[in-house]
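User: I would like to learn how to read domains, strand pairing, cores and chain contacts from a model. Please take them one at a time.

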Amino acid sequence: MPERTMIEIAGVTRSYGAFKALDDASLSIREGEFFSLLGPSGCGKTTLLRLIAGFDSPTSGSIAIDGQPMNGIPANRRPTNMVFQSYAIFPHLNVEQNVGYGLKRLRLDASEERRRVVEALAQVSLSGLGKRGATELSGGQRQRVALARALVMRPKVLLLDEPLSALDKKLREQMQVELRRLQQAVGITFILVTHDQYEALAMSDRIAVMFGGRIAQVAAPKEIYQRPVNRQVADFLGGMNFVQAEIVGEEAGQIVVDTKAFGRVRTDKPKLFQRNGGSATLGIRPERLRVLWDEARAKFEVAGTVVDRHYFGEITHLIVEIPGLEKPLSVTETNDFGADDIPVGTPIRLAYDPDALVAMGE
Amino acid sequence: MTAAAEGQATPRIRRAVQKSLLQSEQAQGWALISPTFLFALVLLVAPILVVIAHSFWTQDYLTIDRTFTLEQYRIALTEPIYRDLLLRSLYVSLLVSVFTVVLAYPIAYFISFHGGRRKGLWLFLITIPFWTSYLLRVMSWKVILGYNGVLNSGLMGLGVIDEPSTALLYNTTAVVITLTHAWAAFAILPIYVSLEKVDRTLIEAATDLGDGPLRRFLRITLPLSVPGIVSALLIVMIPTVGDFVTPRLVGGKDGVMIANAIQAQFGKASNWPLGAALSVTTMAVVTAMAAASVFIIRGAARLAR
């Protein structure tokens, strides 16, 4: 992947009166990257997307696209195109006219225009539906039309504002795969806004997690999931067990901590780590704890008692109380060995990998 | 056994159906709308039927001869005076409705797109002229356009003209000006409603695809507000054809319209059948003109894409 910067966001703030929708955000997005802005509603992700598109201007800070400063340049003259959350399909035009909308202004000759519309419709698997009216389309088809209408403009950056949120689960998963495939085929920089962590993890090259107008962490999906910088990010990306620990040593980029259940652990110091007296918080994902069956032994294990059980079809969540821990641990176990049949009250042993224990910044 | 049982069962079922029909939603629906339905029947349908019936009769001095004849229609359609009056009425109403829509559109656009939180206040302000009677509003135009009126005194004060102009009042122009003002609010409201319904995201999408303010107005906002334009046009066009107060008060002899002639037939001239025939002819022509306008606008909107 080329390492050229496509979008440079430098210290961008957007205030509405005293409220800061976006607070001093800095970010650089590479060319050809599938980048996601992930966060709960009201975290400022859509505000940032609209600032990039040019529908809104920053209160302070600057945005550059492909090296060109964008301050004062209106949305219609930016090399970006957007797929709107509501799709914004023009109701008075048919599919072909919708897709060709932006091309009209370029004054291409008729055959070239036609060729590009047909090509764009083929890219989103809508060939042959060109004459269909905008009001006669299903949700998934409308989404594809919106996508084709933006792609046909060959933008430098394609902006997607929660494009899959209105689709049902099955179609959404199918579109995730298709969007990713399409992005790799056309090689355009995609910026996706979403509140769905699985969507972001499945599709992105990198993710920026946002809370309260601030960017909390920017990293690849695996890094974000496995090494979240703080409890907020950890929580947002899925279940996480938090364990209080005592700091006993600190060296270079690592800390050594003592925990009641997991013993002495050496772990990487998180980026935002602040030594808060002698204690630290460690986190471990529920699926990184594994049930040890019968006489099986592991190098690292903890013992406890099952106090609750939640069945989710292919997996079961076990709630396991460990002596000495203030909160019981949540354990995700696949059901192939019968985790769904473990009765509440059973004593149990759990295996873990000390590397899965990560220290959290606050 | 089964056949006999079915034979007996049939009448019982039919009785049940009849009973349920009286209590059915349909019957309840009819019962619910009947007061308004009867009201409309008595006050709308009946008078129209009376008018249509009269148009096929003849006035025989003080009585009405009730033998069927098309004589009245022959007069209404061939007498130059009625033909001219009808054509002038159509011309005036077309002019008024076009002017009204052209002037109302920017106002409706402003309220809808730039009214902000004061939209309600703006709409309220537009209705203020309607707190006074229609007659008073027409009369006030007389004050403005008259020989010693506001406009003439103003222009003379500025030295633009030396003596008061008589070209302002008692002609077709005065009728058009007065009617355009009188019907403004009726055009603003439907256009406003149709502009409110335009999804603002569509305008953003057009911007995103490269359109500047003028292009996105012509390609998105205007076509999507066509229903409002059509209803505004019809709301103004249909009643103005039959208006007789305005031409009577500000129209002078040039401004007389078909409704004045109809009024004369039912009044002084005392020829109800001819008045009825003129009314029916006018109704038919207005319907045709309204339909034609709708088709032309829809067609133009389709071509503009």
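Predicted model: local features only at pLDDT ≥ 70, side-chain atom pairs only at ≥ 80, totals over all residues.

User: Which domains does the assignment give for chain B?

Analyst: Domain bounds come from an automatic or database domain assignment. For chain B they are domain 1 (2-46) and domain 2 (71-304). The centres of these two domains of chain B, taken over C-alpha atoms, are separated by 46 Å. An unreviewed UniProt entry carries the annotation "domain: ABC transmembrane type-1" for residues 86-293 of chain B; such annotations may be inferred rather than shown by experiment, and their positions are given in the numbering used here, with feature names shortened. That span is 75% helix and 0% strand, and its end C-alpha atoms lie 17 Å apart.

User: How many bridges pair β11(A) with β14(A)?

Analyst: Strands (E, at least two residues) and helices (H or I, at least four) are DSSP runs, numbered from the N terminus, and two strands pair if DSSP finds at least two bridges between them. Strands β11 (residues 241-251) and β14 (residues 279-284) of chain A are antiparallel, with 6 bridges. E246(A) stands opposite S279(A) in β14(A). β14(A) also pairs in the antiparallel sense with β20 (residues 358-360) of chain A, over 3 bridges; here G283(A) stands opposite V358(A).

User: Which residues have the most contacts inside the largest nonpolar core?

Analyst: A nonpolar core is a set of buried Ala, Val, Leu, Ile, Met, Phe, Trp, Tyr and Cys residues joined through C-beta atoms within 7 Å. Buried means 20 or more other C-beta atoms within 10 Å of the residue's own, with C-beta atoms placed from the backbone. The largest core has 107 residues, and those with the most contacts inside it include I52(A), V209(A) and L282(A). Helix α4 (residues 139-151) of chain A gives the largest share, 6 residues. A second, separate core of 50 residues includes Y82(B) and V250(B).

User: How many residues does each chain give to the contact?

Analyst: Two residues are in contact if their C-beta atoms, placed from the backbone, lie within 7 Å. Chain B gives 15 residues and chain A gives 18. On the side of chain B, the largest share, 6 residues, comes from α9(B).

How values were computed. Residues numbered from 1 in each chain as written. Chains lettered and ligands numbered in written order. Buried ≥ 20, exposed ≤ 12 C-beta atoms within 10 Å, placed from the backbone.
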